[in-house]
Amino acid sequence: MFPNSILGRPPFTPNHQQHNFFALSPTFYSHQQLIDAQFNFQNADLSRAVSLQQLTYGNVSPIPTSTSPLFRGRKRLSDEKNLPLDGKRQRFHSPHQEPAIVNHIVPLSGERRYSMPPLFHTHYVPDIVRCVPPFREIPILEPREITLPEAKDKLSQQILELFEACQQQVSDLKKKELCRTQLQREIQLLFPQSRLFLVGSSLNGFGTRSSDGDLCLVVKEEPVNQKTEARHILTLVHKHFCTRLSGYIERPQLIRAKVPIVKFRDKVSCVEFDLNVNNIVGIRNTFLLRTYAYLENRVRPLVLVIKKWASHHDINDASRGTLSSYSLVLMVLHYLQTLPEPILPSIQKIYPESFSPAIQLHLVHQAPCNVPPYLSKNESNLGDLLLGFLKYYATEFDWNNQMISVREAKAIPRPDGIEWRNKYICVEEPFDGTNTARAVHEKQKFDIIKDQFLKSWHRLKNKRDLNSILPLRAAILQR
C-alpha cells in the first residue's frame, strides 16, 4: 500500500507484512545496480510488463495492447473500434469511465474491511512488488474537521470567500493521485522496488486549485547522495519520460539544483509536477503539516490568504531568493503557537511517538489519526489573526537573533552552525533541523520581504479591507 495515498491506508496486518515495501531489508542501489537500471531502460519489454497487469474495462475482456495502457499513443487501436462504449479506453475525466481493476491474473487476496477513525476508512488491499493496484474511484472522506469558522466582520468574510473559492478540491487531488499511480508503474520498469509518493501542499491540507504536484521517488530508506546518485537516477527517469512518455508528459526538465528534480507537465490533468529522489523528510513533514491543518478550523483559511498575499507581492519564490511556501506555512504555524493564548500547540512535543523521525515510512500516514482536535480559548477572528501575523513579523520578531521553531512552539536562539551564518531568515525544519528559508541569502531580498510585511500591516490596519493588500477578485480568478 502507499502511505501517501489520498484514500488513507490501514496499518499492515501481520499476515501481510511480507508484502510491505518498507518492511523489507533496506535496498542499496550500487553502481552496478544503477547500470542494470539503465539496461532496464534500454531494454524494457513493456508488453511483458503489461501482460502481468492487464486492465479490465467495464464487463468486457481485457484489451490486448502492445504498449503500456497507461501512456500509450492517443490513437485508438483498431481492435477497439468495434467494442461497446464502456469497453473502449477512456480518459479519467470521461463521463463514461469506470474504475480500472487489476485482472485476476494478479494474485490479490480478498478484500477486507478496515476502519481508520477518525480520518479515513477504505478497503485494504495488500501491496504487491512491481504490480501496483490502480487508482480506484472510492469516495474520499474529509478529515474530521470541515466546519469553517464564523465570519462576522468584512475582512474575515473576505478571507473565507477567498478560501472557499481557491482551496484544492477532491477532484484536483484525484487527478494528481492518478498521475502518481501511473508514473509509479512506469518508473518501476527501471527501479522495481521503488515507490512514488505525493507530498507537499497537494496532500498537507494547504493546497489550492492551482497548486503544483510534488512527487518523491523513494528507492531506499537511507539517504542518497543528491549530487551523484540522485542525479543519475533522475537522468534515467528524465530519459524515460522523454522517449517513452512524450505523448502524455511535456516539457520534462532535469534541474541540477542542490536537491535535483525533474520538472514536467502532465498533458491530461494539466498539472505541473516536481519529482525528487529520496527527500524522505518531505514525506514526514507532509503529514505533520496535515495534522496542523485540521487541528483548528482557522488554520487553513489563514495559511491560504497569506500564501496568496505573498505570491501577489513576489515574496513567495525560493528560486528567486524569497520565501518558499513551506517556510510561509511554518511561519504561520509559529505565529499561532506564540500568541498569548495559543491557537496551536507543538504536536511533536505532545505526541512524540507519532512524529518521531525514526518511524517507518509506511506508518507516517497514521499520525493524524492519533491527534484529537485542539480546543483553544483564543476566539480571535480571521481578520484579526491576519493583522496580527503581519504585525508580528513586521515589528515583534527578532530576525537577527531568533529562529522560528514549530517543533518547540516558540522562537529560539539562532544556532551557531555554518548553515545559519549570514542567513537573514531562519526557519527550523521540524524533523531534520535544517533552515527551510536558506534561499533568502541576499540582504536586498530580505529587506523587500520585511518592507512588505510592514506596508501591508499599515494598509490593512487602516482600511480593514483585504483588497488593500491583495486584489480579491484577481486572486480568486487565479485560483
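1. Helix H3 (residues 154–166) packs with helix H8 (residues 299–312) at an angle of about 85 degrees, and their axes are 9 Å apart. That makes H3 roughly perpendicular to H8, a label given to angles of 65 to 115 degrees. Axes here are lines fitted to C-alpha atoms, for helices over the stretch in contact, with angles running from 0 to 180 degrees between N-to-C directions. Helices (H or I, at least four residues) and strands (E, at least two) are DSSP runs, numbered from the N terminus.

2. This is a predicted model, in which local features need pLDDT of at least 70 and side-chain atom pairs count only at pLDDT 80 or more, while totals for chains, interfaces and linings use all residues. Residues are numbered from 1 along each chain as its sequence is written, and side-chain values use heavy atoms, with hydrogens and water left out.

3. On the H3 side of the helix pair, Ile-159, Leu-160, Leu-162, Phe-163 and Cys-166 meet Arg-300, Pro-301, Leu-304, Val-305 and Lys-308 of H8, where contact means heavy atoms within 4.5 Å. By class, this contact of H3 with H8 has eight nonpolar, two charged and no polar residues; Ala, Val, Leu, Ile, Met, Phe, Trp, Tyr, Cys and Pro count as nonpolar, Asp, Glu, Lys and Arg as charged, and the others, Gly among them, as polar.

4. Two strands pair if DSSP finds at least two bridges between them. S5 and strand S6 (residues 213–218) run antiparallel and are joined by five bridges, and Val-199 stands opposite Asp-214 in S6.

5. Leu-178, in helix H4 (residues 170–187), counts as buried at 13% relative accessibility; buried means under 20% relative accessible area, exposed over 50%, and partly exposed in between (1.4 Å probe, protein chains only). Leu-178 and Ser-269 are 91 residues apart in sequence but 9.4 Å apart in space, C-alpha to C-alpha.

6. Asp-153, in the loop between strand S4 (120–124) and H3, is buried with a relative accessible area of 19%. Leaving aside neighbours within four places in sequence, Asp-153 is in contact with Asn-381, Gly-383 and Arg-464.

Technical notes
Parallel < 35°, antiparallel > 145°, perpendicular 65-115°, else oblique.
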